[in-house]
Amino acid sequence: MENVQQQSLFIELGEMQQLHLRYIYNPNKRGPAVFFMHGAVENGKIFYTHSNKGLAPFLASHGYQCYVADLRGRGESLPAISKGARYGQTEAILEDIPAFLAQIERHCGQSAEYWVAHSWGGVLMNSYFARQPAMINKVKACAYFGSKRSLYNKHPSKFLQANLLWYGLAPWIAKRNGYLPAKRLGWGSDNESIKSHWQSMQWAKVSPWIDSDDQFDYATTLSEIALPPILHIGAVKDKALAQAIDIEKFMQESGLGIQQLNMYGKRHGHHHDYDHINMLTHPKAQHDQFADLLSWFERYA
């Protein structure tokens with residue numbers, strides 16, 4: 001992407017933790033700020049490459065100031081997840097996300113008006129909204145790629161990836177290693193702490209959307225409020241992790257606001273049959289879901 005530049009920002013947390021936030025921007029077009037959140041066994045690189053491929057550089061080329069988060073222990077946040085890491089998704093919701101948002105406001109002088117998530121990142125974002133409803137009015141629109149909370153689909157690959165591996169084998173591996181070495185196993189681009197894996201596993205099992213640390217009831221809270229307008233992006237070849245039924249169930253428990261689901265594949269007139277990962281990494285995505293996301297943000301500008 002022409003004129004798009006990148007730099008790393010770092011945020012100091014307690015307990016010797018350092019969060020990484022990648023700033024991607026066009027110095028000649030510094031417009032609204034966008035906050036990006038990755039999902040489980042991933043990091044912020046799902047949204048960009050250093051050679052400026054991906055969604056964040058695409059939006060930066062259109063004038064948005066993009067801030068891509070690496071949750072604690074993932075990506076370039078330090079130290080990397082290892083044996084003894086005691087934090088989980090509760091800490092991501094209560095500590096990491098607020099720290100990222102505060103850094104964005106300090107850095108560019110404005111709050112992040114647009115939010116983007118991949119997979120489990122959408123669950124974390126909506127959980128944060130439930131905890132901090134005053135933030136909702138600061139966000140104009142969101143876009144979630146393949147985000148679902150619980151898995152309702154019955155595809156064979158779901159039983160392999162979720163039931164057998166994530167629910168069955170992963171807890172045993174995590175206990176044995178002191179963390180889940182998902183990157184070494186080829187299950188994702190990054191690792192998970194025992195707590196983060198266990199908490200996300202419970203929510204994925206069609207169970208109540210309640211925090212295991214303090215029993216905060218996310219589902220009940222969200223049922224009574226309207227979130228910012230959310231564009232949900234699904235992929236026709238995403239059979240295991242976010243079929244339309246899974247996304248629709250997540251939409252139903254995500255408040256009273258405007259939500260729209262678009263599925264992407266050749267049968268819908270698009271350039272490629274996308275899956276859970278290449279919905280964000282395929283070169284043709286800029287002509288399909290990236291272009292629609294841009295229109296969605298412009299609609300609510």
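Predicted model: local features only at pLDDT ≥ 70, side-chain atom pairs only at ≥ 80, totals over all residues.
Strand E5, which spans residues 112-118, is mostly covered, six of its seven residues being buried. Strand E5 pairs in the parallel sense with strand E3 (residues 33-37) over five bridges, and within this pairing phenylalanine 35 stands opposite tryptophan 115 of E5. A parallel pairing over five bridges is also found between E5 and strand E6, residues 141-145, where the bridge partner of histidine 118 is phenylalanine 145 in E6. Together with helix H3 (residues 120-131), strands E5 and E6 make a β-α-β unit that is right-handed.

The structure holds 19 aromatic pairs. One of them is formed by phenylalanine 35 and phenylalanine 100, whose rings are tilted, with 6.2 Å from centre to centre and 40° between the planes. Because phenylalanine 35 lies in strand E3 and phenylalanine 100 in helix H2 (residues 89-108), this pair ties together parts that are 65 residues apart in sequence. Phenylalanine 35 has a relative accessible area of 0% and is therefore buried, and phenylalanine 100, at 0% relative accessibility, likewise counts as buried. Elsewhere among the aromatic residues, Trp120, Trp203, Trp209, Phe216, Tyr218 and Phe250 form one cluster.

Charged side chains are also placed over aromatic rings. Lysine 158 lies over the face of phenylalanine 159, at 4.7 Å from the ring centre, while the charged end of lysine 249 sits over the ring of tyrosine 152, at 5.1 Å from the centre of that ring.

Arginine 131 is located in helix H3, the helix of the right-handed unit that E5 and E6 complete. With a relative accessible area of 16%, arginine 131 falls under the 20% limit and so is classed as buried. Its side chain makes a polar contact of 3.5 Å with the side chain of aspartate 211, and a further polar contact, of 3.1 Å, joins the side chains of arginine 131 and tyrosine 218. When residues up to four places away in sequence are not counted, arginine 131 touches Ile93, Leu94, Asp211, Asp214, Phe216 and Tyr218. Among these contacts, Phe216 and Tyr218 are also members of the aromatic cluster described above.

Technical notes
Residues numbered from 1 in each chain as written. Heavy atoms only, no water. Buried < 20%, exposed > 50% of the residue type's maximum accessible area, 1.4 Å probe, protein only. Helix = DSSP H or I, 4+ residues; strand = E, 2+ residues; numbered from the N terminus. Pairing = 2+ DSSP bridges. Right-handed = clockwise from strand over helix to strand, strands pointing away. Phe/Tyr/Trp six-rings, centres within 6.5 Å; stacked < 30°, edge-to-face > 60°. Lys NZ or Arg CZ within 6 Å of the ring centre and 35° of its normal. Polar contact = N/O pair within 3.5 Å; in protein donor to acceptor, adjacent residues only side chain to side chain. Contact = heavy atoms within 4.5 Å.
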